[in-house]
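Here is a friendly briefing to read with the model open beside you. Take a look at the structure, then follow the topics below.

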Amino acid sequence: METRDWIRDGLRAVADGALAIVLAAANLVLFVLFAAALVTTPVLGLGALLLPRVTRLVRVRADAGRRAAGRWGVPVATPYRPRPPSGGFPGWRPFRWVITDPATWRDFAWLLPGAAIGLVLGLGSLVIPLYGLQGILLIPLWIWLGTGWYGYGLNWPITSVSEGFLSLPQGALILAIGLAAAPHLRRVEALFAQLLLGPTRNAELRLRVTQLTVTRADTVDAQAAELRRIERDLHDGAQARLVSLGMTIGLAEEMVDRDPATARQLLAEAREASSTALVELRHLVRGIHPPVLAERGLDGAVRALALNLRIPTSVDSDLSGRLDTPVESAAYFAIAEALSNVTVHSGATFAYVSIKRTDDRLLMEVGDDGHGGADPSRGTGLRGIERRLAAFDGTMTLSSPPDGPTIVTMELPCALSSPRTTLSSGTD
Amino acid sequence: MRVVIAEDHALLRDGLTRLLEAFDFEVVATVDNGPMLLPTLLEWKPEVAVVDVRLPPTFTDEGLQAAIAARTEVPGMPILVLSQHVEPLYARELLGDRVGGVGYLLKDRVSNVAQFVDAVHQVAAGGTVMDPEVVARLLDRSRPLDVLTAREREVLGEMAAGRSNAAIAGKLFVTEKAVSKHINNIFTKLGLPPSDDDNRRVLAVLAYLNA
């Protein structure tokens, strides 16, 4: 298993290396196009039209480079500024958007060195394994053509068939070295790509601000909607029931002498109404902040929640101590939403929740054995979880292939005070 | 007496209907949403309407808006507005046309059935019934009413709540004659010209709300 993984990684790296050689050629073409667009800019204003288009191509190429780097364990964030709204004088806005973004120039600066590195490392990761392969495959050729015309490795030229057989272990060794080295060569290329294609510290902060603006707006919206919901629930629920209760009792009071039977019936109605009002209030309170969450923290609250579900649900948690209240509440409602999705949509017969805490992160997983196929774009539930978590820089990922199982993985930073600005390691 | 009821909550709508019918009102129509309210009021021209402030579809103040609109079309159409919270602002808007026949009460008041039915009758008769809560909130801050003595302010508050002279006298443990004297003082001090007593009472309450 171990060996197979290793070989697969090596082969992937070799394939990626071959691709890098082709893409190096694309870099050259793009470089020429970009330079041409740049030169024609002052001349005819033609470049003003060309540059945004060429830049778009360059960005497609650069994004491919970023994805490739990501495949080899070097995540590179996209540094581009958001596209301006279209309109106004055609051509000017996209032009300004493109030339004022430092990422455009950094992409440009990367094109040639990136091509050189891609070519050299790509050839390296391709040629070594191929030479090894040659050593392994040459024996039949020797047997057929005879010796003395060609050499391999340490034997040059090969003078006898027995010497020819020595190329087999040599070839195997070289192939092994080539496959082992290829992923490392990819990583080197990825690191170089990160140097120029990654966001600068400045761009990183800008991305962070954009992201925070979005999540803040989402949070404020969500909170306002939540308060409105609570107000509505109270107004239409408990409050209305209490009014009706008062009315029924008042009517009974009027009736008690004239028509005791009706009065008694009204009082029975009133008693019924008071317990309904209490049930509604209890539901509402649970929706705002479940008492068991206040009393027992996330661990206890999730266990309590699991006990109330229709399908058997196991809870595995290694939490000790309490989290900050806001994080606790966000985590609880995220899990509750995920579990309610399980009971409503999945058709599962079993669900599980796992809660783990590393030094500064809370990892939560909710899974089931249902029919899968959950789609976050369809329901508001999963989107709600995302929003809830995003307020704390948390994330949610969903894996739900058709036929299941569905697994929702959620992550929340626990230490609220630590700002998280490292989208990827910065380059200034 | 013909009544129209506007209330979106089925429980309360049925309760109100039952309650008013038990006191010999004839509920000619019930409405559970805002858009239907104004046409219904104009169609039936009820002797009194009991209207919830907040109705679908927007759940804001369409009940209040419809009441004001109906009173613009049919001046003085008696309308008792019910709400789960009272705002002096809304009270002022209701009384803005300076014609009586309006009431503004917390929904809680329906539990005192006799008093509630009495309030409906008063509104139907062209009186003005303000919720004690509105009155209390205004009493807390009645600055321009400084010209009135404490006793006169008290009497004005009772007037706003829709009480008759006799009722005020009973509540404040004074004679009806004393109440009538206080009321005359109030009218004079607030500069309300002599006219029919009901209208002056409305104007006094309005002055009180605007204070």
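**Ala240 of chain A and the chain contact**

Ala240(A) touches His235(A), His9(B), Leu11(B) and Leu12(B), leaving aside residues up to four places away in sequence; contact here means that C-beta atoms, placed from the backbone, lie within 7 Å. This is a predicted model, in which local features need pLDDT of at least 70 and side-chain atom pairs count only at pLDDT 80 or more, while totals for chains, interfaces and linings use all residues. Residues are numbered from 1 along each chain as its sequence is written, and chains are lettered from A and ligands numbered from 1 in the order in which they are written.

- Ala240(A) sits in helix H7 (residues 201-258) of chain A; helices (H or I, at least four residues) and strands (E, at least two) are DSSP runs, numbered from the N terminus.
- Ala240(A) counts as buried because it has 23 C-beta neighbours inside 10 Å; the cut-offs are 20 or more other C-beta atoms within 10 Å for buried, 12 or fewer for exposed, and in between for partly exposed.
- Ala240(A) and Ala277(A) are 37 residues apart in sequence, yet their C-alpha atoms are 8.8 Å apart in space.
- The contact between the chains takes 15 residues from chain B and 16 residues from chain A.
- On the side of chain B that touches chain A, helix H1 (10-22) and helix H5 (113-124) of chain B are the elements giving two or more residues, and H1(B) gives the most, with 5 residues.
- That side of chain B divides into 8 nonpolar, 5 polar and 2 charged residues, where Ala, Val, Leu, Ile, Met, Phe, Trp, Tyr, Cys and Pro count as nonpolar, Asp, Glu, Lys and Arg as charged, and the others, Gly among them, as polar.

**Chain A overall**

- Chain A has 11 helices and 5 strands, and buried residues make up 30% of its 428 residues.
- Among contacts in chain A with a separation of 6 or more, 71% join residues 24 or more positions apart.

**Helices of chain B**

- Helix H7 (residues 150-160) and helix H9 (residues 176-189) of chain B have axes that come within 9 Å and cross at roughly 95°. That makes H7(B) roughly perpendicular to H9(B), a label for angles of 65 to 115 degrees.
- Arg151(B), Glu152(B), Val155(B) and Leu156(B) in H7(B) meet residues of H9(B) including Val179(B), His182(B) and Ile183(B).
- Helix H3 (residues 62-73) of chain B has 12 residues and spans 16 Å from first C-alpha to last, close to the 16 Å expected at 1.5 Å a residue; the expected span is 1.5 Å times one less than the number of residues.
- The buried residues of H3(B) include Leu64(B), Ala66(B), Ala67(B) and Ala70(B), and their cover includes strand E1 (2-6) and helix H2 (34-44) of chain B.

**Nonpolar cores**

- Of the 74 residues in the largest nonpolar core, Leu80(B), Val81(B) and Val205(B) touch the most other members; a core is a set of buried Ala, Val, Leu, Ile, Met, Phe, Trp, Tyr and Cys residues joined through C-beta atoms within 7 Å.
- A second, separate core of 36 residues includes Ala13(A), Ala62(A), Ala182(A) and Phe192(A).

**Backbone details**

- The peptide bond from Pro56(B) to Pro57(B) is cis, with omega near 5°, and Pro57(B) lies in the loop between E3 and H3 of chain B.
- Asp393(A), not a glycine, has a positive phi of about 65°.
- Lys45(B) has a positive phi near 40° and is found in the loop between H2 and E3 of chain B.

Note on methods: Axes are lines fitted to C-alpha atoms, for helices over the stretch in contact, and angles run from 0 to 180 degrees between N-to-C directions. Angles under 35 degrees count as roughly parallel, over 145 as roughly antiparallel, 65 to 115 as roughly perpendicular and the rest as oblique. Two residues are in contact if their C-beta atoms, placed from the backbone, lie within 7 Å.
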